[in-house]
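I opened my notebook today to look up a few things in this structure. Here are my entries, in the order I made them.

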Amino acid sequence: MRHGRASTAVSSTISGQSPAKKSSPFPQLCNILIIASLSKTLSQSGTRNLDANSIPISEPIVLQILRRNSLDPSKKLNFFRWCRLSLRPDYKHSSSAYSQILRTVCRTNLLGEVPDLLTSMKEDAVNLDQTTSKVLLDSLIRSGKYDSALGVLDYMEESGGCLNPSVYDSVLIALAKKKELRLALSIFFKLLEGSLSYLPGNVAANELLVGLRRGDMREEFKTVFEKLKGLKRFRFDTYGYNICIHGFGCWGDLDVALSLFKEMKDADICTYNSLIHVLCLAGRVKDALVVWEELKVSGHEPDNSTYRVLIQGCCKSYRMGDAMRVFGEMEYNGFVPDTVLYNSVLDGMFKARKVVEACELFEKMVQEGVRASCWTYNILIDGLFRNGRAEAGFTLFCDLKKKGQFVDGITFSIVVLQLCREGKVDGAVKLVEEMEARGFSVDLVTISSLLVGFHKQGRWDWKEKLMKHVREGNLVPNVLRWNAGVEASMKRPQSKDKDYTPMFPSKGSFLDIINMVKNSKEAEEEASTPLEDDDPWSSSPYMDQLAHQVNQPKPLFALARGQRVEAKPDSFDVDMMNTFLSIYLSKGDLSLACKLFEIFNDMGVTDLTSYTYNSMMSSFVKKGYYKTARGVLDQMGDNFCASDIATYNVIIQGLGKMGRADLASAVLDRLTEQGGYLDIVMYNTLINALGKANRLDEATRLFDHMKSNGINPDVVSYNTMIEVNSKAGRLKEAYKYLKVMLDANCLPNHITDTILDYLGKEMEKARFKKASFVRTKPNNDPSS
């Protein structure tokens, strides 16, 4: 009978009738039965069979339904919306109900429903509590829905709720990942300066620093770093230290990067990778190799990133012996080199004139099953062209075209440049036609190659031909319009007040150039002094030693990554200027080049590249205008344009032409001491300067040093050694270098033929002098 009375009470409650007064002790049991009935109905048919007039819905019942784990989340969401739409105006969801459904949405990854739920909350005038908002923001950020996360923040601010400072960590993360860095910085600084005792979390601070690093916002990065360092309760974690080491190191602030490493308590493998990467970027590959050796005994094992960074640094600095040693150890330890790593080693080998070794490495790459890319074949074709294997390069290019794979616009551009170098402009134009027919766009580099070829052969009437062949965009009309504007500017009369004003005022003689290179002797003495606070438990004593060298010499130039220039539409830009500058200088027209440079100065263009200054300085050195070349170098420094290896090649070339091989050798010594590296052009330049100064022993040692560093001499190197030895009367040594050149399969050129003609005449003179030698006898000789 008791069960019967309870059943009657429940049925009457569900049917909408008022239960008898005797049923008042059973409300909890009634709610349980209502919840069970609703759950069963929702599971089977959803909200279709629910009747708003016959079901007494209350907030506890709704909360129990939303918390029921056996019910599908989508059914909960449908029930939540049904209650809101069907039970009005008698029922309205509470803040607890909204909090529960939002937690369900976050837990089950139904985050696409968040905007609609926020709109419903706004209509119902319900505020979002701090805990739920934190959960919601974290879920949205983890799922990459940054716009929705910012929408949650906007809703909370509009509703007038006071945000917990810790909630702003999620906001900063969302803004940083959405690249809204200016807004993130504004909120960050406002929180630090406000009355709230805001202490950013490590994750939020790290994400903000990463966003600033990727956005190349150096000053802002430094400001945030200093603000965080100034907070007493904030401590960087290992990830934060790694970000700062990588950021400051990539921007050239090596002292800060090393001091941060010294400050760290527990460095991990990512820390070592960042430091090795930073040292390689600064040109200090030798130091990077020492750190790598310490890494192997520090308890950390090098990973794939360690080997990749170190091998790429060695290849860019022409240390191919070290690169192959690290490459072999990488394979021995079970790491499989990928396509990018093979491309780096191939590129380094071709630049070091190791053609045979590069081809063998490519065959090994194919045998190992590593898939070659377009970049791989571009490196092969370009390397064959630059090493005198033009026929092999053309053959490979034609084979790839027939197969219809691994050929892109850059491949065509490389071949067009080679054809223009050989004077085959007709073939280059036909190749551009084919390039367009295959759907590849003709870029500024390709057009520059064609324009230089036209100018060298005096065939400017072919400019209009480009209009017929290049259909992509407005690049060619812009180039031609640019050329017309330059020619019109050239014809304008020069202002009289500038007639006697030097374009490149010099601050000193070219012979004083060595003073521009910072003396590193003091740094060496400081490095040799013992450290008072040396840590015996340090994982890298060598890094600690580098960190103690506060006044260590700055790297003269970094291992910068080359980037292909792109034309800017309807602009009088620096890349276009460099294009026409190379055209004028290739013909030796220095006056036009200076006029073009003056036009840019009058326009207020200050973002000139090192290529611009190096081209002008090289031309002045070749013409013998050393003081003007020094003025170009001074202006380069005044405009904060970083020098590169080509700049120092020009400096050494100028000192050599002035007969000051001693100063050229001193510049080279200080260059290597301060983190610089030598390429084959610099070796050839200094060998030529030493040889012409009759310092043949030093030239021979430098030639051997080049070979020991893994760089194979090219035809210029052998021509120089044969010539200087021939003119010094050392014919046997000259013939020895000729024999070594032929044994090394280094193909001679027309300059070699001229030098050999001179060598043959000198050898003939020596032979004739030896054969016609007659011993002079005294007059009192009885046999006379």
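**Entry 1: cysteines**

How many disulfides does the count come to? I had to keep in mind that this is a predicted model. The count comes to zero disulfides, with a pair needing its sulfur atoms within 2.5 Å. Cys83 has a relative accessible area of 0%, so I noted it as buried. Cys244 is at 1% relative accessibility and therefore counts as buried.

**Entry 2: helices H10 and H11**

Next I turned to a pair of packed helices. Two packed helices are described by the angle between their axes and the distance between the axes, so I wrote down both. Helix H10 covers residues 181-193 and helix H11 covers residues 202-214. Their axes are 11 Å apart, and the packing angle is about 140 degrees. H10 and H11 are therefore oblique to each other, because only angles over 145 degrees count as roughly antiparallel. I noted a left-handed crossing for H10 and H11. On the H10 side, Leu181, Ala184, Leu185 and Phe188 make the contact, and on the H11 side Leu208, Gly211 and Leu212 do. Sorted by class, the residues of this contact of H10 with H11 are six nonpolar, one polar and no charged.

**Entry 3: helices H21 and H22**

Helix H21 (residues 374-386) and helix H22 (residues 390-403) have axes that come within 7 Å and cross at roughly 155 degrees. That angle makes H21 roughly antiparallel to H22. The crossing of H21 and H22 is left-handed. From H21, the contact uses Tyr377, Leu380, Ile381, Leu384 and Phe385. From H22, I listed Ala390, Ala392, Gly393, Phe394, Leu396, Phe397 and Leu400.

**Entry 4: backbone angles in two loops**

Which residue in the loop between H19 and H20 did I look up? I picked Arg353, and the loop runs between helix H19 (339-351) and helix H20 (355-367). Arg353 is not a glycine, yet its phi is positive, about 65 degrees. I also looked up Asn745, in the loop between helix H39 (731-743) and helix H40 (750-771). Phi of Asn745 is near 60 degrees, again a positive value in a residue other than glycine.

**Entry 5: Ser618**

Is Ser618 buried or exposed? Its relative accessibility is 16%, so I marked Ser618 as buried. Ser618 sits in helix H32 (residues 610-623). Leaving aside neighbours within four places in sequence, I found Ser618 in contact with Val650 and Gln653.

Conventions: Residues numbered from 1 in each chain as written. Predicted model: local features only at pLDDT ≥ 70, side-chain atom pairs only at ≥ 80, totals over all residues. Heavy atoms only, no water. Helix = DSSP H or I, 4+ residues; strand = E, 2+ residues; numbered from the N terminus. Buried < 20%, exposed > 50% of the residue type's maximum accessible area, 1.4 Å probe, protein only. Contact = heavy atoms within 4.5 Å. Axes fitted to C-alpha atoms, helices over the stretch in contact; angles between N-to-C directions. Parallel < 35°, antiparallel > 145°, perpendicular 65-115°, else oblique. Left-handed = near helix turned anticlockwise from the far one by under 90°. Nonpolar A, V, L, I, M, F, W, Y, C, P; charged D, E, K, R; others polar.
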